[in-house]
Amino acid sequence: MLVKVYAAALQGVNAIQVTIEVNALRGIRFFLVGLPDNAVKESHERIRSALEFNGLKFPSKQIVVNMAPADIRKEGSAYDLPIAIGILAADSVVSAEKLGKYMIMGELGLDGGLVPIKGALPIAIKAAECGYDGVILPAANAAEAAVVGDIKVYAAENLTQVIRFLNGEEEISPYTMDVEREFYSRQSNFEFDFSEVRGQESVKRAFEVAAAGGHNLIMIGPPGSGKSMMAKRLPSILPPLTLQESLETTKIHSVSGCLTGGTSLITQRPFRSPHHTISSVALVGGGANPKPGEISLAHNGVLFLDELPEFNRSVLEVMRQPLEDRKISVARANYKVEYPAGVMFVASMNPCPCGYYNHPTKPCVCNPGQVQRYLNKISGPLLDRIDLQIEIVPVPFEKISDAREGECSATIRERVIAARKIQEERFKDEPGIYCNAQMPPKLINRYATIDDACRTMLRTAMTRFNLSARAYDRILKVARTIADLEASEQIQSHHIAEAIGYRNLDRENWGT
């Protein structure tokens, strides 16, 4: 008897439909075809054990399982449940009548229990697109899949429950959740707040400007000056995720298996801070079994690289194109996938190997050549993609010991949201442009125009500080954001002056 069960395969952050065809013939052998990997091939032993544990027998027939389309590699253990159901349906233990109504996925334990799988959200989205009545998944994945409101999610605890449901012997109520309530209830619950930061008012201002315009930022300063502390608080002042952004971000984390227990929807902008020993593949994605990298996991949020010069140079260089294109195309001999990479890039570094160059009280023991070599670990093309370059000095004791709290993140966030709304209106007719940091030269010429006074100031600064040519567009973008924070239509001279102050590393004599 030939039966068909419907499942899905993950490609990038999306899913494609897989048809599992099972044919029971005379004989005793078992064949599994359709480019399965080792995890799929091992399903035979898990299925046999699960059936015997639940009082069922593996059919004494020749079983042929084909996973179509047969030219796409099938990976992972999530095909255990649909293959098991197909085998039982081919042996007339499970009714084949309802199999065409559902997309089925799940990993089997040896006792028949259903183990959580990766990618439940994109699988549910695909099932809805294909017009299925519902999707049958392990109970642990139900909340994640139920985010897709236009398909029924049937949460099962074990194989026996699925069999009884398909045979009409037991009802499983569709899992429901209030997506909007789940989304809005946790949007403002931040672990860190800018009110805890003592002093560093100029740096806080730089973070506000960066958040308001979506600008990349690098901090340079001695150890203990608060670089990492402030970077961790950046998500608390960024605009809240929209529901669409939340779904995009959740899909990526779902495919990666990064959703923690009970989390159905990512409601806050992600903050990723990989260690400097990270490899290129771990950063951009790919691998033998392709997965999104840290850049994609930070999509719609912040990617923070602490101690930037300590990262391998080849790792840093692979970031150049993703930061510009906001996506990553990973091409290998056996596959090609594309991952989103719309991140706000934030980095920090010491000014020299010993860490105390330009320190107000501690002497630097490095010679000028060492300082310059240390700074040269960061290439010009990478710096070219960073709009704000901030020098930080340690906070004096008087401010550290001040018991008064600083301005809280919620207050700063209100100003950031107001500036972003201005940008949304400005770029509403520009597809793919959402904030000032994404403006190409054409839009800079249109929306970041300056008068003669500003032009004179900018010319003087570029000549006096010997700023590089790449600094020109960056200064105009940042000045446009500063003007938006003041709700000013025209860029004024003090906006240009502040933007120039955020180009420390572009000055030719810095570090010499």
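## Cysteines

Let's start with cysteine 435: its relative accessibility is 5%, so it counts as buried, the cut-off being under 20%. Keep in mind that we're looking at a predicted model here. Cysteine 352 has a relative accessibility of 0%, so cysteine 352 is buried as well.

How many disulfides does a search of the whole structure find? The search comes back with 0. Take cysteine 352, which is in no disulfide: its nearest cysteine sulfur belongs to cysteine 354 and is 3.5 Å away. To count as a disulfide, the two sulfur atoms would have to be within 2.5 Å.

## Helix α18

Helix α18 covers residues 409-426, which makes 18 residues, and at 1.5 Å a residue it should span 26 Å.

Which residues of α18 are buried? They are Ser409, Ile412, Arg413, Val416, Ala419, Arg420, Gln423 and Arg426. If you look down the axis of α18, these buried residues fall within an arc of 130°, which means they line one face of the helix. Glu414 and Lys421 are on the other side of α18, and they're exposed. As for what covers the buried residues of α18, the list includes α8 (201-213), α19 (441-447) and α21 (471-485).

## Rings and charges

Next, the aromatic rings. The count of aromatic pairs comes to 8. Tyr102, Tyr154 and Phe165 are linked into a cluster by ring pairs.

Elsewhere on your screen, look for arginine 48, which lies over the face of phenylalanine 58 at 4.5 Å from the ring centre.

## Backbone details in loops

In the loop between β4 (62-68) and α3 (80-90) you'll find proline 69. The peptide bond leading from alanine 68 to proline 69 is cis, with omega near 0°.

Where is leucine 35? It's in the loop between β3 (30-33) and α1 (38-41). Leucine 35 isn't a glycine, yet its phi is positive, near 60°. With 38% relative accessibility, leucine 35 counts as partly exposed.

Asparagine 358 is in the loop between β17 (344-349) and α15 (368-375). Its phi is positive as well, near 70°, again in a residue other than glycine. The relative accessibility of asparagine 358 is 43%, so it counts as partly exposed.

Conventions: Residues are numbered from 1 along each chain as its sequence is written. This is a predicted model: local features need pLDDT of at least 70, side-chain atom pairs count only at pLDDT 80 or more; totals for chains, interfaces and linings use all residues. Side-chain values use heavy atoms; hydrogens and water are left out. Helices (H or I, at least four residues) and strands (E, at least two) are DSSP runs, numbered from the N terminus. The expected span of a helix is 1.5 Å times one less than its number of residues. Buried means under 20% relative accessible area, exposed over 50%, partly exposed in between (1.4 Å probe, protein chains only). The arc is that of the directions from the helix axis to the C-beta atoms. Contact means heavy atoms within 4.5 Å. Rings of Phe, Tyr and Trp (its six-membered ring) pair if their centres lie within 6.5 Å; planes under 30 degrees apart count as stacked, over 60 as edge-to-face and the rest as tilted. A charge sits over a ring if NZ of Lys or CZ of Arg is within 6 Å of the ring centre and within 35 degrees of the ring normal.
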